[in-house]
Amino acid sequence: MSGTEKSSTTRRDLLQVAATAGAAGALLGGLGVSPALAAEMGRSEKPLKAAFSNAGLQATWCAQGKQAAEYWGKLFNVEVTWFDGQLDAVKQRAAIDNMASQKWDFVAIQAFGIGTLTQPVQKMIDAGIPVIDMDTLIAPLDQINVHSFLAPDNEFMGASVTQALVNALNGKGKVIMTQGALGHTGAQGRAKGFNAVVKQYPGIEVLDTQPADWDVSKTARLWETYLTKYPQIDAAFFHNDDMALAAYNIMKAHNRTNILIGGVDAMPPAIQAVSEGRMFATVRNPSCRIHGGAIVAGVAALAKGEKSGKDIPKSVVTDGPVVTKANAAGMQWMEDHFLI
């Protein structure tokens, strides 16, 4: 290698290090990023307009995702416009129909239910707009040409928390699973993970598996019934933390706080509940990584020309860990800075 090549490589390496430091500074301290460092980060030189929608901002996971998308959008020079799904397939469809009637540089969508948004999403794809699918399938990937699908391994999440609960019960006990929306592919994966674990333990009896559709009021009503109907419930697995904590309040009112609770998402209230012993465990569904990743994927498609299926895989796994007392504080710090 010539001296010139060595010098060029060294300068490039230093720029990459500086870019990383600049990105970290922006993330951790909200600092501005210089144009040179911004270019190294992949920030768009011109302002971009992106449309985002997730299942419903009533859910804390979705609300955190909105914050993350807007935060990463500012870093990467993207103006984010939000279309709230309102935890209702019909209302989200109306919002996405509205979205599809407008022009965007890219869009990112978490569908409330599979197959509910296919037509307006296809309209945007046909118009040449990159569509990033988040967390749950808009449609099977062989049926719709989304730019990429960013999601955790939902089966892993369901299985890992269920396994933690079963281990704590020494393989014997009565358990309940409270599901999310049955049309949500994430909920389908979490249920599959739960079932895969419990079928290995003949001593585990599953009392009920009704869905609550991510709705805390519906969850509370279900658990009022369960606590009256079942004198013994040893553990409960919930498809998200909001439902888990809503059920805990009902358990507390009935003086049944001996029930081990497992959730999904590792949202800040659940992390605190795990730290305090009100919940046994949760697992991180990385809302910030998924929504922030959608910003990065959209900008890379436009600013760097990243091609779907070539430069970015059609499916990107965005897993987070099981959260217990041992790692709860660190997980909270990561979320505070929209890193996971």
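**Close-up views of a predicted model**

**View 1. The side chain of R284 reaches the backbone oxygen of D265 at 2.7 Å.** This is a predicted model, in which local features need pLDDT of at least 70, side-chain atom pairs count only at pLDDT 80 or more, and totals for chains, interfaces and linings use all residues. Residues are numbered from 1 along each chain as its sequence is written, and side-chain values use heavy atoms, with hydrogens and water left out. A polar atom of the R284 side chain also lies 2.8 Å from the backbone oxygen of I340. R284 is in the loop between β10 (282–283) and α11 (287–303); helices (H or I, at least four residues) and strands (E, at least two) are DSSP runs, numbered from the N terminus. R284 counts as buried because its relative accessibility is 0%; buried means under 20% relative accessible area, with a 1.4 Å probe and protein chains only. Not counting residues up to four places away in sequence, R284 touches residues including W61, M157, G320 and E335, where contact means heavy atoms within 4.5 Å.

**View 2. F52 and W82 form a stacked aromatic pair.** Their rings are 5.5 Å apart, centre to centre, with 25° between the planes. Rings of Phe, Tyr and Trp (its six-membered ring) pair if their centres lie within 6.5 Å; planes under 30 degrees apart count as stacked, over 60 as edge-to-face and the rest as tilted. F52 belongs to strand β1 (residues 48–53) and W82 to strand β2 (residues 78–82), so the pair ties together parts 30 residues apart in sequence. Both F52 and W82 are buried.

**View 3. F83 and W104 form an edge-to-face pair, because their planes stand at 90° with ring centres 5.8 Å apart.** F83 lies in the loop between β2 and α4 (89–100), and W104 in the loop between α4 and β3 (106–109), 21 residues apart. Both F83 and W104 are buried.

**View 4. Helix α10 (residues 268–276) has A270, I271, A273 and V274 buried.** These residues are on the same side of α10 because they cover an arc of only 160° around the axis; the arc is that of the directions from the helix axis to the C-beta atoms. The buried residues of α10 pack against α9 (241–253), β10, β12 (322–323) and α12 (328–336). Just after α10, G277 takes a positive phi of about 90°.

Definitions and conventions. Buried < 20%, exposed > 50% of the residue type's maximum accessible area, 1.4 Å probe, protein only. Polar contact = N/O pair within 3.5 Å; in protein donor to acceptor, adjacent residues only side chain to side chain.
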